[in-house]
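Here is a brief report on a few local features. Please look over the sequence and the model before reading on.

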Amino acid sequence: MSTTEYFMPTINLFGPGSVNEVGNRIKMLSGKKVLIVTDAFLGKSGMADNVKKIIEDAGIKAVIFDGAQPNPTDLNVQAGLSVLDRKSTRLNSSH
């Protein structure tokens, strides 16, 4: 078996109001649609909705998957992909 390498550098923003940069950062990456992956608590608390609004205010389409679990299994990932598949149809049709 050969060795596979996966490298994805990250940028972490810290500080009051830094979440407001998310839309601009997605634009810098030429993002058009976003799947916000979170857990049920953050989904119900309104935090995910706040992030979604910031993203949408930047002109980027977004949907929320609030079914993430700690140490997600392949079934948890599949559930997120199902949400993306169902809602991407809506995102594609709302130009």
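Predicted model: local features only at pLDDT ≥ 70, side-chain atom pairs only at ≥ 80, totals over all residues.

**Asn76**

Asn76 sits in helix H4, which spans residues 74–93. Asn76 has a relative accessible area of 8%. The cut-off for buried is under 20%, so Asn76 counts as buried. Its side chain reaches the backbone nitrogen of Gln69 at 3.0 Å. Gln69 is also among the contacts of Asn76 beyond four places in sequence.

**Phe14**

Phe14 lies in the segment before helix H1, residues 22–28. Its relative accessibility is 74%. Exposed means over 50%, so Phe14 counts as exposed. Phe14 and Arg25 are 11 residues apart in sequence. Their C-alpha atoms are 14 Å apart in space.

**Pockets**

Arg25 returns here, as one of the residues lining the largest pocket.

| Pocket | Volume | Lining residues |
|---|---|---|
| Largest pocket | About 280 Å³ | Pro9, Thr10, Ile11, Leu13, Val22, Arg25, Ile26, Met28 and Leu29 |
| Second largest pocket | About 150 Å³ | Leu35, Ile36 and Val37 |

What is the lining of the largest pocket like by class? It has seven nonpolar residues, one polar and one charged. Arg counts as charged, so Arg25 is the charged residue in that lining. Thr falls under polar, so Thr10 is the polar one.

Terms used. Residues numbered from 1 in each chain as written. Heavy atoms only, no water. Helix = DSSP H or I, 4+ residues; strand = E, 2+ residues; numbered from the N terminus. Buried < 20%, exposed > 50% of the residue type's maximum accessible area, 1.4 Å probe, protein only. Polar contact = N/O pair within 3.5 Å; in protein donor to acceptor, adjacent residues only side chain to side chain. Contact = heavy atoms within 4.5 Å. 1 Å grid on protein atoms, 1.4 Å probe; cavity = no way out; pocket = protein on both sides within 12 Å on 5 of 7 lines; lining within 4 Å. Points joined across faces, edges and corners; volume = space filled by probe spheres on them.
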